[in-house]
Structures are given as structure tokens and as C-alpha cells.
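Please find below my notes on the model, as numbered points. They follow the order in which I would go through the structure on screen.

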Amino acid sequence: MLTRQWRPPWPVDARGTLSAHRRGTGDPAFQTTPDGAIWRASHTPDGPGTLRIVAGREIVEATAYGPGAGWLLDGLPELLGAGDDPAALTPGHRVLREAVLRQPGLRIGRTRRVFEALVPAVLEQKVVSMEAWRAWRYLLRRFGEPAPGPPASAGANRLRVPPPPQVWAEIPSWEWHRSGAEAVRARTIMHAARLASRLENRVSDETLRSLPGIGVWTSAEIRQRALGDPDAVSVGDYNLPALVGWALAGTKVDDAGMLELLAPYQGQRYRVTRLLELSGSRPPRRGPRMRVRDYRAF
């Protein structure tokens, strides 16, 4: 067990900043506990590790466990957005100005783990979140190891560490089927797992999109979380164009319309969409929702 205290020069919104890395309320690699702590499990370059974060008004207290403890504590400031520059955004819309004022501690952090961001992003391709999160839970509980940490009473031992790339590459077809992930998404993850070291060392939009099954949307989702890219806008998202259009123009738009509305914020487009997502503003739902599928029955 290792500990660290960090005094950031801004009021940290740890929950808002880290919520981008949570894959549903039952995420086996991300939990919050009644004492206000945020727990994350990760497979670091040094091995599995667990990070516990408690953010006070002036000091962030972090405790880490396992072989990856030192690596996780070294990256704590970046995870909470120390390398981010929210002042780079000049909000021209009223709704954005209000969102910035309501969330002064929100930052775009980076996990520095590209493949770990890739797997859930691929699972979320062209399906509703509930379906993707169900697969993520199954695969981590089946192939992830218990996260290092304190006894059950502290809440950490329920966490599972996302498997390393070599484990993902060898998951048999029937286990993917049991998770609810069809063969296309499974092949994309397994192929990327075999190239994981290349991805970690030379990550870019071009590198990610050179992989079979990785397109514009998936690349953006990975770069948002692993690199903290403030401009990685998720083109092709099912809900995002309507959200952006409703907030900035009062009407639903498609991808082209969304990019037009975001054009004045070039370089900060993901920050804008993140602020809008957390603002709580949503367009009214009148059409049918995207259906939850279950490939396990096929």
C-alpha cells in the first residue's frame, strides 16, 4: 500500500472528471463507496493496481494497492486533469457559459492506458449502453483478477482488474457469445490486443483507425479517456448530435449539423460535449428508443 497527498491549484471535481471512465453503475473496475471515496482498478505497465481517491476542498488523498500502486499514484494529477487547460474554451453560447460556472472543477483527465480504453469503447459500438455494460461486466468478472486492496468492508475486493492484452487475445468464442458481444466486436478487440504495445507507444487517431473495426467514433472515445484529448468529438454517436443541437440551437441535428455547431470551438469540441452531457439538458424523446439486443440467445 502506498499513499499520496496532492494539493491541486483548482477546486477538483473528482466525481465529474472521473465519471467518464465509469461503464455503468455495476462497473467491476470502478466503484464509489459511502465514505465518498472513488475506486478504480487498472492493469498498469507494472501490473495490477487499485487506486482509492478522496477529494477534499484543498487536498486530494490517494491510496494505491498492488504492483501498480506507484504507477497509479504518479499519474494521479493527470488522471484528475492536471495537464488539461479548461481556460482554452471561450463559451459563446449561454448554456455553455452556465455549464462552465456550475462545474468549475471539471477537467478532462487521462488514464494513459490506451488498450484499457479501447475494449469498452469497442463493446459500445452500435449498441445501447446497457448491452455494452452487460458484456463488460461479464468479461471482467470472468477473466479479470480480483483487485488488490483492503478487506471487503472497505469496498475494494469487489473490484476486478481489467485483463491484460494477452488474456483478451485468448478469450474463446463461446465466452464472447456468453457476454453478449457478437463476433465482429470480439475480433476487433482480439486483433487490437495483439498490437497493444504498438498502441500504447505510438497512439494517434491515425494509428487507431488503421486497425480493423476502429472508426472515427471509437478512436475519439479512446482518445478522450486515455489521452485526455479535449477535441476528440464522437462523430457517429446515437444521442450526441441531438443533445448538441438541442442545447446550442434549440433543435435536433445530425452529425453534420453537430460539427457545424461545434466549429467555433475547434480544439475544444469534446470539452463542449462533455459539459453539455453533464448539464442535464436533454431534448424531448418522441421517437422509438434504440432496442437492447441480446446476442446470447442467437
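1. Trp10 counts as buried because its relative accessibility is 13%, where buried means under 20% relative accessible area, exposed over 50% and partly exposed in between (1.4 Å probe, protein chains only). Trp6 is likewise buried, at 12%. Trp6 and Trp10 form an edge-to-face aromatic pair, with 5.6 Å centre to centre and 75° between the planes. Rings of Phe, Tyr and Trp (its six-membered ring) pair if their centres lie within 6.5 Å; planes under 30 degrees apart count as stacked, over 60 as edge-to-face and the rest as tilted.

2. The model is predicted: local features need pLDDT of at least 70 and side-chain atom pairs count only at pLDDT 80 or more, while totals for chains, interfaces and linings use all residues. Residues are numbered from 1 along each chain as its sequence is written, and side-chain values use heavy atoms, with hydrogens and water left out.

3. The whole structure holds four aromatic pairs. One of them joins Trp168 and Trp176, a tilted pair with 6.0 Å centre to centre and 35° between the planes. Trp168 is buried at 1% relative accessibility, and Trp176 is buried at 2%. Together with Trp136, Trp168 and Trp176 make up one aromatic cluster.

4. Five strands form an open sheet in the order E1-E5-E4-E3-E2, with antiparallel pairing. Its edge strands are E1 (2–6) and E2 (30–32), each of which pairs on one side only. From one strand to the next the twist averages 20°. E1 pairs with E5 (residues 60–65) over five antiparallel bridges, and Thr3 stands opposite Thr63 in E5. Two strands pair if DSSP finds at least two bridges between them.

5. Which helix holds Thr218? Thr218 is found in H12 (residues 216–226); helices (H or I, at least four residues) and strands (E, at least two) are DSSP runs, numbered from the N terminus. Thr218 counts as buried at 3% relative accessibility. Leaving aside residues up to four places away in sequence, Thr218 touches Ala121, Val122, Gln125 and Gly213, contact meaning heavy atoms within 4.5 Å.

6. Overall, the protein has 15 helices and seven strands. Its radius of gyration is 19 Å, close to the 19 Å that the globule rule gives for 298 residues, so the protein is as compact as a globular protein of that length. That radius is taken over C-alpha atoms, and the rule is 2.2 Å times the number of residues to the power 0.38. Of the 298 residues, 52% count as buried.

Note on methods: Axes fitted to C-alpha atoms, helices over the stretch in contact; angles between N-to-C directions.
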